[in-house]
Amino acid sequence: MSPRQSTTLVRAALRPRMLVALVLLLGAAAVCVRLGAWQLDRAAVRGDANDAVTSQEAAAPAPIGDVLAPQQSFRGALVGRRVEVTGTYEPAGQLLVVDRVHDGRLGYLVLTPLRVDGADGGAGWAGADPVLPVVRGWVADPAAAGDLLDVPGGVVQLTGYLQASEAPGSGGSLAGQIDAISSAELVNSWGGPIYAGYLVLADARPAQPSGLATLDPPTLAGTEGGRWNLQNLSYALQWWIFGGFALFLWLRLVKDEALGEPAHEPDDEPDAEPDGDVTHQHRDDSAAR
């Protein structure tokens, strides 16, 4: 069979198998483009959510009972909502949340249970006084924090930002320490009823020690880029790169098809050696003559 000869790119592209490959790869590229557009839309939606969080932070604080009731599911729209609450801290339940970064430094969150006054639980709340996890601040080294960890006594009035409860931690922390702010875990040691979120403290009356670093208002995960969600933007870019690669692959296939296949020269076969028996017979005939 004669080897295939090289041809032009246009003729190679119009060959049936190249057209079939084009249809398949165009379909794959279209799917990638569509997925990229979907991720871009998600980036905009989550950017809008971040704008909503910013607006909530600027709004006047509302009583927590008007926003969230004990044991009620925490909606994402509540992230960053400013609330005010009255209650009494329970010092025996205070915990340190390990491995938390503040201003580029690794340290501990100071998490204290607040026994909320029953009236703050919300209209119609008739259960026991609920518990609200409160992040009072951050310390770099608990051993050197001294009286910064002291819990104010008596009734306190707090203003802060709501944040959703985290997933349960991995455990293994030292006594008095945890690795996640999870209401599902805290209820086991603090008792209930408990809120399905926690409060990031912004202001307290009476004031707590000034050396305890307060945290910035919470944001939705991945919205640090402002108007657009950076994580979703990166996913969109990845999908579009995959789509472009599908078209590049087809062009490469066409180029290889146009170049053809190198000719394969038949191997030279050595002359067959005379059969040993025939040679022997020839010699015998010569001797006979």
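Me: Why is glutamine 71 called exposed?
Reply: Take the cut-offs: buried is under 20% relative accessible area, exposed is over 50%, and partly exposed is in between (1.4 Å probe, protein chains only). Glutamine 71 has 58%, so it is exposed. Its place is the loop between helix 3 and strand 2. Helices (H or I, at least four residues) and strands (E, at least two) are DSSP runs, numbered from the N terminus.

Me: What should I know about the model itself?
Reply: This is a predicted model, in which local features need pLDDT of at least 70, side-chain atom pairs count only at pLDDT 80 or more, and totals for chains, interfaces and linings use all residues. Residues are numbered from 1 along each chain as its sequence is written, and side-chain values use heavy atoms, with hydrogens and water left out.

Me: How do you know how confident the prediction is?
Reply: Look at pLDDT, the predictor's confidence in each residue, from 0 to 100. The protein chain has a mean of 81, and 76% of its residues reach 70 or more. Residues 222-226 fall below 50, yet this stretch has 10 contacts beyond near neighbours in sequence. Residues 276-280 are also below 50, with 1 such contact. A contact means heavy atoms within 4.5 Å.

Me: What makes the phi of glutamine 71 worth a remark?
Reply: Its phi is near 65°, a positive value in a residue other than glycine. Most residues other than glycine have a negative phi, and most peptide bonds are trans. Aspartate 99 also has a positive phi, about 55°, although it is not a glycine. Aspartate 99 lies in strand 3 (residues 95-102). With a relative accessible area of 55%, aspartate 99 is exposed.

Me: Which peptide bond at glycine 192 is cis?
Reply: The bond from glycine 192 to proline 193, with omega near -5°. Another cis bond joins arginine 205 and proline 206, where omega is about 0°.

Me: Why is glycine 192 called partly exposed?
Reply: Its relative accessible area is 39%, so it falls in the middle class. Glycine 192 is in the loop between helix 5 (183-190) and strand 8 (197-205). Beyond four places in sequence, it contacts Arg115 and Val187.

Me: What makes a set of residues a nonpolar core?
Reply: The members are buried Ala, Val, Leu, Ile, Met, Phe, Trp, Tyr and Cys residues joined through side-chain atoms within 4.5 Å. The largest one here has 21 residues; Val85, Leu114, Leu132, Val134, Leu158 and Leu199 touch the most other members. Among the elements giving two or more residues are strand 2 (82-89), strand 4 (105-116) and strand 8. Another core, of 14 residues, lies apart from it and includes Val131 and Trp190. In soluble globular proteins, nonpolar side chains tend to be buried together.

Me: Which residues form the nonpolar patch on the surface?
Reply: Val33, Leu237, Trp240, Ile241 and Phe242, with about 490 Å² of accessible area together. Accessible areas come from the Shrake-Rupley method with a 1.4 Å probe; for residues, only the protein chains shown count as cover. Patch residues have over 30% relative accessible area and no salt bridge; like charges are joined within 9 Å, nonpolar side chains (Val, Leu, Ile, Met, Phe, Trp, Tyr) within 5 Å. Valine 33 has 45%, so it is partly exposed. Helix 6 (residues 230-259) gives the largest share of the patch, 4 residues.

Me: How do you know that glutamate 257 forms a salt bridge with arginine 17?
Reply: The rule asks for a side-chain nitrogen of Lys or Arg within 4 Å of a carboxyl oxygen of Asp or Glu. In this pair the closest N and O atoms are 3.0 Å apart, and the salt bridge is formed. Glutamate 257 is in helix 6 and arginine 17 in helix 2, so the pair ties together parts that are 240 residues apart in sequence. By the salt-bridge rule the count comes to 6.

Me: Is glutamate 257 buried or exposed?
Reply: Its relative accessible area is 6%, so glutamate 257 is buried.

Me: What makes arginine 100 and glutamate 166 a salt bridge?
Reply: Their closest N and O atoms are 2.9 Å apart. Arginine 100 lies in strand 3 and glutamate 166 in the loop between strand 6 and strand 7 (177-178), so the pair ties together parts that are 66 residues apart in sequence. Arginine 100 has 18%, so it is buried. Glutamate 166, at 24%, counts as partly exposed. Elsewhere, salt bridges that share partners join Arg15, Arg17 and Glu257 into one network.
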